[in-house]
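Please have a look at the model first.

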Amino acid sequence: MDGMSLDELRAEIESIDQELVELIARRTYVAETVADVKRERDLPTTDERQEERVMERAGENAQRFGVDDNLVKATFRLLIELNKVEQRDNR
Ligand SMILES: C=C(O[C@@H]1C=C(C(=O)O)C=C[C@H]1O)C(=O)O
């Protein structure tokens with residue numbers, strides 16, 4: 001990163017942002033498929049134990065990569081909530 005111009009650094013962020021959106025789209029798509037399975041089995045949208053596992057993993061991965069775990073956990077909290085809104089809308 002050292003020695004890169006402001007424009008080059010911003011181009012790098014733009015490319016990362018695109019990857020992030022692609023990953024969010026993939027996560028949302030899989031969660032929609034999870035919702036289909038739940039609907040078939042008459043299971044509730046929310047699974048608190050699974051949410052705890054996801055949040056714990058998020059914290060562990062944040063530490064592994066040396067980023068603030070509150071930031072990472074807040075991001076995952078939002079992703080989970082958005083998925084549940086989407087799952088409920090599709091019921
Ligand atoms: C996707 C699921 O549905 C909900 C959303 C979750 C998520 O976004 O990670 C986790 C648990 C559920 O409350 C699931 O059960 O796996």
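The axes of α2 and α3 come within 9 Å and cross at roughly 150°, with axes taken as lines fitted to C-alpha atoms, for helices over the stretch in contact, and angles running from 0 to 180 degrees between N-to-C directions. This is a predicted model, in which local features need pLDDT of at least 70, side-chain atom pairs count only at pLDDT 80 or more, and totals for chains, interfaces and linings use all residues. Residues are numbered from 1 along each chain as its sequence is written.

**α2 against α3**
- α2 and α3 are therefore roughly antiparallel to each other (over 145 degrees; under 35 counts as roughly parallel, 65 to 115 as roughly perpendicular and the rest as oblique).
- Their crossing is right-handed (the near helix is turned clockwise from the far one by less than a right angle).
- On the α2 side, E51, V54, M55, A58, G59, N61, A62 and Q63 meet D69, V72, K73, F76 and I80 of α3 (C-beta atoms, placed from the backbone, within 7 Å).
- This contact of α2 with α3 divides into seven nonpolar, three polar and three charged residues (Ala, Val, Leu, Ile, Met, Phe, Trp, Tyr, Cys and Pro are nonpolar, Asp, Glu, Lys and Arg charged, and the others, Gly among them, polar).

**α1 against α3**
- The axes of α1 and α3 come within 10 Å, crossing at roughly 45°.
- α1 and α3 are therefore oblique to each other.
- α1 passes α3 in a right-handed crossing.
- I24, R27, T28, A31, E32 and A35 of α1 meet L79, N83, E86 and Q87 of α3.
- By class, four nonpolar, three polar and three charged residues make up the contact of α1 with α3.

**Around the ligand**
- The shell consists of A31, V34, T46, D47, Q50, E51, V54, L79, I80, N83 and K84 (C-beta atom, placed from the backbone, within 6 Å).
- At least two shell residues come from each of α1 (6–41), α2 (48–64) and α3 (69–89) (helices are DSSP runs of H or I, at least four residues, numbered from the N terminus).
- α3 gives the largest share, four residues.
- Five shell residues are nonpolar, three polar and three charged.

**Confidence**
- Mean pLDDT for the protein chain is 95, and 100% of its residues reach 70 or more (pLDDT is the predictor's confidence in each residue, from 0 to 100).
- Among the chain's elements, α2 has the highest mean pLDDT (98) and α3 the lowest (93).
- For the complex, the predictor gives an ipTM of 0.98 and a pTM of 0.91.

Notes:
Contact = placed C-beta atoms within 7 Å.
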